[in-house]
Amino acid sequence: MTSESHFPAGTDDRTLAPPPGCPAHGLGPGGLHRLYGPEADDLGDLYEKLRQEHGAVAPVLLHNDVPIWVVLGHAENLHLVSTPTHFSRDSRLWKAVQDGTAGPDHPLAPHIAWQPICSHAEGDEHLRLRGAVIGAMSTINHRTIRRHINRATQLLVNRFCEKGRADLVSQFAEHLPMAVLCEILGMPDEYDDRLVQATRDLLRGTETAIASNEYVMNILIRHTARRRVETTGDFTSVLINHPAQLTDDEVSQHLRLVLLAAYEATANLLANVLRVVLTDPRFRAQLNGGQMTVPQAVEQSLWDEPPFSAVLGYFAKQDTELGGREIRRGDGLILGIAPGNIDPKVRPDLKANMMGNRAHLAFGGGPHECPGQDIGRAIADVGVEALLIRLPDVELEGDEDELRWRSSMSSRHLVELPVYFAPQAPQDVEEVPSISPVPRPRPSLEVTTDEPAAAPAPAPVASPVLPATPEPVRRLGAWQRFLRWWRGY
């Protein structure tokens, strides 16, 4: 933030702390709330406290007590992302970056540092870079991808289906998105547990986040160099050969953007949808009864538990006003997705059904709206449906209250989701998932020995019995055939 006195605390001294015994004791400089540390264990409660104290836009502190605004209102967040004349994603405009308080050694440096990517660019440069990304995404065959999602789901379920128990976070939700994304990017051989762990770590702002970021970037840089020499039809090759003529650095940085955003969002979305299905009887009954489809369940989850709870950040290009607050040029702002989704002005009743309503903030909006959201939805739709078909009796092991969460400023995700079910036999990964695997039909011709078998003795003649009339085969209707085609079966 700038040095002007425009915080509600009314002080320019960022080292000033409340005296011992004061109700605000333990808060940050100026009596501001921190979005990290012990106070931020439950950011949902903190956001609501901030909404009551400050309204739609509130002053807070990031790691190392760097001041910033967090936007809590739904309308205010939409204004933030949809007004590029006032707000930019270029972090070089931020006073905290300019004065070094949010420098390269900051725990959130992987989020803050400017990169040559479309989400940080403006104007013609933004159009050039985003055009290349969208152009590469337009070549993705969604039917083929849905088949690969199904295949990857079957592979993962086969690993634990015979045991009758599993953790659907570490054994499923954390792996399915990475397996699919590595296939899309053309680097399936790079998919392993370490890549999964490094990707999650660098998004948390931990002490090892910078090292994890370097590990991921080294993989992507090597992959870009390989594809520059050996072009195929994958996303990376199309990005390299796009008329926008991206440099190797631009290509690898955009691969990082796609990998991180799509992976974290989809891993959280998978876990959230499965948790609700397992813990809310009404939710599961609607799915089983046909009143709700998996895609509708996914959309409801995007309102209630968005994969990214907040995005850092946007930066003021000029003095302006937002939510009744004076925002000065160079101020930083956080896109508050989770608090915006439960803004009482748009959701006075949080239990109301939001199916069919896509006005949530889960994928941002404006010029920087997530271009790959349909792939994330497809991974969640196909993955959840295929898993529930394979394990129709899956149940949560233990009580919902025993579930543990890991929270950071950017996201809140389950640590584990233990379940139990009747053990199932592994299935052919190329087959459509089913509750009971159907044996393959025997070939019409079978090889026999050269010598004919002895003719069987004639059976006694019995009174003729007319065969029962076979049940007519029920053909799928047009809608069912369309759904099977759309899901890649």
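Trainee: What should I keep in mind about the model before I start?

Mentor: The model is predicted, so local features need pLDDT of at least 70 and side-chain atom pairs count only at pLDDT 80 or more, while totals for chains, interfaces and linings use all residues. Residues are numbered from 1 along each chain as its sequence is written, and side-chain values use heavy atoms, with hydrogens and water left out.

Trainee: How many helices and strands does the protein chain have?

Mentor: Helices (H or I, at least four residues) and strands (E, at least two) are DSSP runs, numbered from the N terminus. Here the protein chain has 17 helices and 13 strands.

Trainee: What share of the protein chain is buried?

Mentor: Buried means under 20% relative accessible area, exposed over 50%, and partly exposed in between, with a 1.4 Å probe and protein chains only. Of the 489 residues in the protein chain, 51% are buried. Contact means heavy atoms within 4.5 Å. Among contacts between residues at least 6 apart in sequence, 70% join residues at least 24 apart.

Trainee: Which words describe how two packed helices sit together?

Mentor: Two packed helices are described by the angle between their axes and the distance between the axes. Axes are lines fitted to C-alpha atoms, for helices over the stretch in contact, and angles run from 0 to 180 degrees between N-to-C directions. Take α9 (residues 193-202) and α10 (residues 209-229): they pack at about 130°, with axes 8 Å apart. That makes α9 oblique to α10; angles under 35 degrees count as roughly parallel, over 145 as roughly antiparallel, 65 to 115 as roughly perpendicular and the rest as oblique.

Trainee: Which residues of α9 and α10 meet?

Mentor: From α9, Arg194, Leu195, Ala198, Thr199, Asp201 and Leu202 meet Ala209, Ser212, Asn213, Tyr215, Val216 and Ile219 of α10.

Trainee: Why is α9 described as largely enclosed?

Mentor: Because 7 of its 10 residues are buried, α9 is largely enclosed by the rest of the structure. Those buried residues are Leu195, Val196, Ala198, Thr199, Arg200, Asp201 and Leu202. Their cover includes α4 (109-112), α8 (176-185), α10, α12 (248-279) and β12 (412-414).

Trainee: How many disulfides are there?

Mentor: A disulfide is a covalent bond between the sulfur atoms of two cysteines. The cut-off is a pair of cysteine sulfur atoms within 2.5 Å, and a search of the whole structure finds 0 disulfides. Cys118 is in none, and its nearest cysteine sulfur, that of Cys370, is 9.8 Å away. Cys118 is buried at 5% relative accessible area, and Cys182 is buried at 0%.

Trainee: Which residues does His368 contact?

Mentor: Leaving aside neighbours within four places in sequence, His368 is in contact with Arg89, Cys118, Ser119, Ala121, His126, Arg130 and Tyr314. His368 lies in the loop between α15 (337-341) and α16 (373-390), and counts as buried at 18% relative accessibility.

Trainee: What do I look for in the backbone angles?

Mentor: Most residues other than glycine have a negative phi, and most peptide bonds are trans. In this model, the peptide bond from Leu312 to Gly313 is cis, with omega near -5°, and Gly313 lies in strand β6 (residues 311-316). Asn64 has a positive phi near 65° and lies in the loop between β2 (57-62) and β3 (66-71). Asp65 also has a positive phi, of about 55°, and is buried at 17% relative accessible area.
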